[in-house]
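Here is a short briefing to read alongside the sequence and the 3D view. Have both open, and let's take a walk through a few local features.

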Amino acid sequence: MSDIKDALDRINYWFQENHPVKIASLASGLSPLEIDSVLSTLSFKVSQEVREIYEWSNGYPKYDCADDWIFYYMFLLSLESAVQEAQAWVEEHEEIALMYKYAGKPVLPVYMSDIEFLAVVAMDEEQTTSPVIHISEIAEISLQYTNLTAMMLTLAESYETGGLFIDRKGYIEKDEKKYAAAYRNYNSGITDLALERFLKIFPEDSSWQPVQLLHNDLYMSNSYGIEIPPSNLKTKVVNTLVNLLQDEKYDSGFSVVLVLEELRAVDALIQGLQHPSKWVRSRAAFALGKIKAFEAVEFVSQLLEDPDPVVQEAVKEALEMFKNQR
């Protein structure tokens, strides 16, 4: 049995034992031939994980789902509804259609809540899995899980350990600490996915948006305690961001500093202390205090004499953080 099928069976067992009503209306699975038939209408390929999900259950039609959500706060779309939604996105106005892509690749929505989605990314030939992304109601796309298997394993362990539970009103709630522990167990590679996406899309789109996307992804992974170890990939991203800070034509240095903070790029943040923009200098100082970069105390202290009061105030806050963190 594959890991994803094992996780799905564990989720099913937990609900059967604890809240059987919530899973009673979930549709039975499709046959491999039925899955092939529905997926054949797509213009792109999806991973084997998607097939295994729908062999387990065909979920609910898009407009025919009760509140029996078992995948945290979303329900499993039927494969037919998922494919129809993906095709609608492709057929939209070009500008809108571009919003429903991940690093230029089309996506297949698999889970839905109101007008939010969790979707899988189209697969390259050499891939066996693909990222799970969150699409907000305003089409903001961010990484959510390393892949579908990681998502199911995270949810299965969370239910079993109390990271996810059903409250008295029948809603799924989260114990942040326990859920984060499960998330870390199966999604340690998610930061590499974020860094890879940035390096892929930035040469084509040098606006603030790729930087903001990277910040959102890293902020989420850091909130779950996932560390970003040193690597060639991280070095390439940091070097790219440092070059942006030095580019006088690039006017979103503040956003760059936020990403450098998530990356804990101390040397780059120290360089930011000398930036012409007071907002970059102040945030760089604050970031160094926040991430406990004690080797930067001397450099931050030098900005106590900065001519701008905004920077001076940020430096005072940073030095106070250094003091409190010792």
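What follows starts with the overall picture and then turns to helices, a strand residue and some loop positions.

This is a predicted model, in which local features need pLDDT of at least 70 and side-chain atom pairs count only at pLDDT 80 or more, while totals for chains, interfaces and linings use all residues. Residues are numbered from 1 along each chain as its sequence is written, and side-chain values use heavy atoms, with hydrogens and water left out.

**Overall picture**

- The protein chain has 16 helices and 8 strands; helices (H or I, at least four residues) and strands (E, at least two) are DSSP runs, numbered from the N terminus.
- Taken along the principal axes, the C-alpha atoms fill a box of roughly 70 × 45 × 30 Å.
- Of the 326 residues, 52% count as buried, where buried means under 20% relative accessible area, exposed over 50% and partly exposed in between (1.4 Å probe, protein chains only).
- Among contacts with a separation of 6 or more, 61% come from residues 24 or more positions apart; contact means heavy atoms within 4.5 Å.

**Helices α9 and α10**

- The axes of α9 (residues 190-201) and α10 (residues 208-223) come within 10 Å and cross at roughly 180 degrees; axes are lines fitted to C-alpha atoms, for helices over the stretch in contact, and angles run from 0 to 180 degrees between N-to-C directions.
- The two helices, α9 and α10, are therefore roughly antiparallel to each other, a label for angles over 145 degrees, with under 35 counted as roughly parallel, 65 to 115 as roughly perpendicular and the rest as oblique.
- On the α9 side, the contact is made by I190, T191, A194, L195, R197, F198 and I201, and on the α10 side by P210, V211, L213, L214, D217, L218, M220 and S221.
- By type, the residues of this contact divide into 11 nonpolar, 2 polar and 2 charged; Ala, Val, Leu, Ile, Met, Phe, Trp, Tyr, Cys and Pro count as nonpolar, Asp, Glu, Lys and Arg as charged, and the others, Gly among them, as polar.

**Helix α7**

- Helix α7 (residues 148-161) has 12 of its 14 residues buried, so it is largely enclosed by the rest of the structure.
- The buried residues are L148, T149, A150, M151, M152, L153, T154, L155, A156, E157, S158 and Y159.
- At the N-terminal end, N147 caps α7, with a side-chain oxygen 3.2 Å from the backbone nitrogen of T149.
- Just after α7, G162 takes a positive phi of about 90 degrees.

**S113 in strand β3**

- S113 lies in β3 (residues 105-113) and is buried, with a relative accessible area of 4%.
- Its side chain reaches the backbone oxygen of Y73 at 3.3 Å.
- Not counting residues up to four places away in sequence, S113 touches W69, Y73 and M74.

**Loop positions**

- F44 sits in the loop between α3 (32-39) and α4, and is buried at 13% relative accessible area.
- F44 and P106 are 62 residues apart in sequence and 7.5 Å apart in space, C-alpha to C-alpha.
- F44 touches A86, P106, V107, L108 and A122, not counting residues up to four places away in sequence.
- Y72, in the loop between α4 (48-56) and β1 (75-76), has a phi near 60 degrees, a positive value in a residue other than glycine.
- K292, in the loop between α14 (278-290) and α15 (297-301), has a positive phi of about 60 degrees although it is not a glycine.
- K292 is partly exposed, with a relative accessible area of 47%.

Methods
A polar contact is a pair of N or O atoms within 3.5 Å; within protein, one must be able to donate a hydrogen and the other to accept it, and residues adjacent in sequence count only if both atoms are side-chain atoms.
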